[in-house]
Amino acid sequence: YQRRVRAPPMSVFIAQLKRLLGVRAAATASTDAVAPRAAVAAWQVDAALRRRLAEHVASTSATLHSLSRLVQSLTTMKVLDHIRLLLERSLAAVADARAASAAGRLASAHQRSQSALVDAEAAFFDRDMLAMLYYPDEHNLAIVLSFFLPLCLPIVGSLFSEFRRWRERRAK
């Protein structure tokens, strides 16, 4: 009797856990309300791995494209060696993930796609890169002007007075 009472709530819990983990049930009406007794099927694991693999590769690609556009738009930003290494590792991991996926090794492909995403985001959010974002050209101009403007004003004033004297001498 106790087993029959516990079975429906546990099957609902298992079905909800599968949805939470992204493991989809078969496309029949009976499996939407109550999960089957069997554990997660191999095809469900494969489908979840393929979905996560595609999400990781897409997110990695978007992050790398954003970083590329950022570096191209800010001409003063330099890509440091450790960031370049992270980018190369991320690109290699994406290529490995695609090759492993094509070969049917989904677990390996998923692992490589995860490491590609981690490396791409580490490169994008690196504190050295973020520090360069907050040091724009206008900041450089403000620093240079604050040093050289006080020096240039007396020189420009002297040139103007010398020009005036030259013009007065020439007029006589």
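What pattern does the protein chain follow when read along the sequence? It goes α-α-α-α-α-α-α, with seven helices and zero strands (DSSP runs numbered from the N terminus, helices being H or I of at least four residues and strands E of at least two). This is a predicted model, where local features need pLDDT of at least 70, side-chain atom pairs count only at pLDDT 80 or more, and totals for chains, interfaces and linings use all residues. Residues are numbered from 1 along each chain as its sequence is written, and side-chain values use heavy atoms, leaving out hydrogens and water.

**Whole chain**
- Of the 172 residues, 22% are buried (under 20% relative accessible area, 1.4 Å probe, protein chains only).
- Among contacts (heavy atoms within 4.5 Å) with a separation of 6 or more, 63% join residues 24 or more positions apart.

**α4 against α5**
- Helix α4 (residues 81-102) packs on α5 at about 160°, axes 8 Å apart (lines fitted to C-alpha atoms over the stretch in contact, with angles from 0 to 180 degrees between N-to-C directions).
- That makes the pair roughly antiparallel (over 145 degrees).
- Residues that meet here include Leu86, Ala93 and Ala97 in α4 and Ala109, Ala116 and Ala120 in α5.
- By class, this contact has 14 nonpolar, five polar and four charged residues (Ala, Val, Leu, Ile, Met, Phe, Trp, Tyr, Cys and Pro are nonpolar; Asp, Glu, Lys and Arg are charged; the others, Gly among them, are polar).

**α3 against α5**
- The axes of α3 (residues 42-73) and α5 (residues 106-124) come within 9 Å and cross at roughly 25°.
- These two are therefore roughly parallel (under 35 degrees).
- Their contact splits into 13 nonpolar, eight polar and four charged residues.

Note on methods
Parallel < 35°, antiparallel > 145°, perpendicular 65-115°, else oblique. Buried < 20%, exposed > 50% of the residue type's maximum accessible area, 1.4 Å probe, protein only.
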